[in-house]
Amino acid sequence: MDNAAPNPSAAAAAAAAAGNGVQASGAGPEDASKQNLAQVTTSIQKTLGLLHQLNLTVSSFNSASQLPLLQRLNALVAELDTMQKLAEGCNIQVPMEVVNLIDDGKNPDEFTRDVFNSCIAKNQITKGKTDAFKSLRKHLLEELEQAFPEDVEHYREIRATSAAEAKRLAQSQSSLPNGDVKVKAEH
């Protein structure tokens with residue numbers, strides 16, 4: 001049995017020292033969110049430790065261990081309260097499917113794999129449709145060229161002019177006054 005029973009006020013003071021949710025000046029919201037998430041993770045680890053200590057105390061319970069049991073229960077409640085307060089600052093959205101998989105004792109990576117496989121399948125279907133439309137367009141242009149050669153030639157000239165103009169417009173919008181080209185930031 002562990003002799004050092006955690007003091008609830010000491011646990012609250014430690015939680016406050018670990019982080020009070022106050023953002024340092026100059027830190028961006030993303031840094032604050034990461035810091036908050038780290039604090040929640042630390043609080044979860046402390047809670048797991050307290051639960052382990054509580055389990056040891058309960059499994060070897062006698063009348064002399066009543067005070068340490070109460071102290072550990074109070075420390076657990078204080079840590080859960082701290083965790084709840086810290087978690088309010090975290091904006092993490094977990095799909096219900098992931099929660100259900102975890103409840104069923106399955107690996108949440110299965111959800112990620114299924115989502116990727118679904119995206120790949122939808123991408124293949126879309127690519128097939130795109131290829132079918134390209135093939136139809138090519139076939140229609142061939143048929144139209146046989147029936148109306150002058151009109152198809154005029155259409156192709158208009159298409160080429162329009163494509164060149166769209167390309168110039170895109171380049172002008174992405175160039176800076178000094179001639180450099182803007183680069184899209186990857187997310």
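Mentor: The protein chain has a mean pLDDT of 81, with 78% of its residues at 70 or more; pLDDT is the predictor's confidence in each residue, from 0 to 100. This is a predicted model, where local features need pLDDT of at least 70, side-chain atom pairs count only at pLDDT 80 or more, and totals for chains, interfaces and linings use all residues. Residues are numbered from 1 along each chain as its sequence is written, and side-chain values use heavy atoms, leaving out hydrogens and water.

Trainee: Which element of the protein chain has the highest mean pLDDT?

Mentor: Helices here are DSSP runs (H or I, at least four residues), numbered from the N terminus. The lowest mean pLDDT among the elements, 40, belongs to helix 1 (residues 8–18). The highest, 94, belongs to helix 5 (residues 109–147).

Trainee: Is Lys85 buried or exposed?

Mentor: Buried means under 20% relative accessible area, exposed over 50%, and partly exposed in between (1.4 Å probe, protein chains only). Lys85 has a relative accessible area of 55%, so Lys85 is exposed.

Trainee: Which residue forms a salt bridge with Lys127?

Mentor: A salt bridge is a side-chain nitrogen of Lys or Arg within 4 Å of a carboxyl oxygen of Asp or Glu. Both partners lie in helix 5, four residues apart. The closest N and O atoms are 3.0 Å apart, and the partner of Lys127 is Asp131.

Note on methods. Helices (H or I, at least four residues) and strands (E, at least two) are DSSP runs, numbered from the N terminus.
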